Amino acid sequence: RTRHVGVGDSAGKCKAVSPSLRSGLLAASEAAQLAAKMQEPTAAAIGEVQAAFGADPVAAMCLYKARSTLQDGLCTKLSFPNTPEHGETVVDEPPTMPGGKDAGPNPMDVCLGALATCQEISYKAFATVMGIEVKSVACSVEGELDLRGFLGVDESVAKGFTKITGTVTVDAPDASQEQLDQLKGAVDAHCPMCDFLSGTCTLTLDVKTQAPTDATRDDGSLSAQAIGELGAALGADPSAALCTYKASSKLEKGLASSLTYPNTPHHGPYATDEPQSMPGGQNTGPNPMDLVLGALTTCQDITYKAYATALGIDVQRVETACEGDLDLRGFLGVDEAVRKGFQVIRGTVTLTTNADEATITKLKGAVDAHCPMCATISDKIPVSLTVVKA
């Protein structure tokens, strides 16, 4: 199997390459390897990849993956099957949320981190193709969310982000304003994360169960009473439920970004990157599209655990695995009719519990109706990003 990766996407596994295109893809691979050695993307190398995908659209179909497991409290451990060498990332809730221990950033912050780093990679790639020298790209984004929706305090309140805003700072000393405007137009039209968040995506999440054992018993740090008290407090004071999630990152060399979360600056920084099969990629961290799937899996973990606890259902562990289909021809501008973001996302949630089928069906209904990341994926979220010159 041959792996091809586009800028702003993961080391997703692509379809097998037809023999007739092997020589063309080898040329693209050689160009990518040369660019990787130079640690910077080149227009020629990106062009080779575009030509290869244009000749064989099947080769541009990629699969991105994330997997996470939650056992104690709301702390979940996240990994990326396409790049297992990068290990696990801990995702958690703050202590203000029952069961939260602040062991890592929140899933919604992680989602914004995927957007910020995808923007940076997209700007670097399109600037390279357009012949604009860019020294660095930095992106800071914020998303507004009302916790009353997630907690079921007010069903009329949106469960996911209501809007996302941000600023992209491009350090391109020799670029004219006209060039920056053209660059922004290209990125706005092709960034996979912008397309993904501002559009809608088919999302299918199945649930299965497995029997608990002594090893799967959680620490009991999450209680229905604490969740109920928080819900009552937010119902009495809706303004207290308004949250602003944040991510900030910067790309300087190649396609690698250093990502931080301003709400939890003591965690990180985190690395994101492209694999070496993409011009400029060095594989120093997971990719933005894998990262946003990780935001979904960890948000599912937390939502299932919270609602199981609130409903008095003994769920000892939650494991979620998701994968998403993405056609790189859209991002690379090979075919403008192709969607730039995910087309379909599939996943499986495995609950460690002795609960019967009817109880699990009830629990799944509650989670489907309140999971912030599911809502963010299923709804069209207004995304407004301003570009400034450094």
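Begin by selecting Phe 161, Met 193, Phe 196, Phe 342, Leu 363 and Met 373, which, of the 99 residues in the largest nonpolar core, touch the most other members. Keep in mind throughout that the model is predicted. In soluble globular proteins, nonpolar side chains tend to be buried together.

From that group, keep Met 373 and display its surroundings: not counting residues up to four places away in sequence, Met 373 touches Met 108, Cys 111, Val 292, Ala 295, Leu 296 and Cys 299.

Now zoom out to the whole protein chain, whose secondary structure comes to 11 helices and 13 strands. The radius of gyration is 21 Å, close to the 21 Å that the globule rule gives for 390 residues, so the chain is as compact as a globular protein of that length. Along its principal axes, the C-alpha trace spans about 60 × 45 × 35 Å. If you colour by accessibility, buried residues make up 52% of the 390 residues, while the accessible surface comes to about 15200 Å², of which 51% belongs to carbon and sulfur atoms. Among contacts between residues at least 6 apart in sequence, 75% join residues at least 24 apart. Selecting the charged groups next, you will find 31 positive and 47 negative charges, with their mean positions 4 Å apart.

Next select Val 387, placed in strand β13, residues 383–389. Leaving aside its neighbours within four places in sequence, Val 387 is in contact with Tyr 123, Val 168, Val 170 and Lys 184.

The last stops concern backbone geometry. Select Gly 268 and Pro 269, where the peptide bond from the glycine to the proline is cis, with omega near 5°; Pro 269 is found in the loop between β9 (257–260) and β10 (270–272).

Then move to Asp 102, in the loop between β4 (89–91) and α3, which has a positive phi of about 55° although it is not a glycine. Asp 102 counts as partly exposed because its relative accessibility is 21%. Finish at Asn 283, in the loop between β10 and α8 (288–310), where phi is again positive at about 55° although the residue is not a glycine, and where a relative accessible area of 24% makes Asn 283 partly exposed.

Methods. Residues are numbered from 1 along each chain as its sequence is written. This is a predicted model: local features need pLDDT of at least 70, side-chain atom pairs count only at pLDDT 80 or more; totals for chains, interfaces and linings use all residues. Side-chain values use heavy atoms; hydrogens and water are left out. Helices (H or I, at least four residues) and strands (E, at least two) are DSSP runs, numbered from the N terminus. The radius of gyration is taken over C-alpha atoms; the globule rule is 2.2 Å times the number of residues to the power 0.38. Buried means under 20% relative accessible area, exposed over 50%, partly exposed in between (1.4 Å probe, protein chains only). Contact means heavy atoms within 4.5 Å. Accessible areas come from the Shrake-Rupley method with a 1.4 Å probe; for residues, only the protein chains shown count as cover. Lys and Arg count as positive and Asp and Glu as negative; His and the chain ends are not counted. The place of a charge is taken as NZ of Lys, CZ of Arg, CG of Asp or CD of Glu. A nonpolar core is a set of buried Ala, Val, Leu, Ile, Met, Phe, Trp, Tyr and Cys residues joined through side-chain atoms within 4.5 Å.
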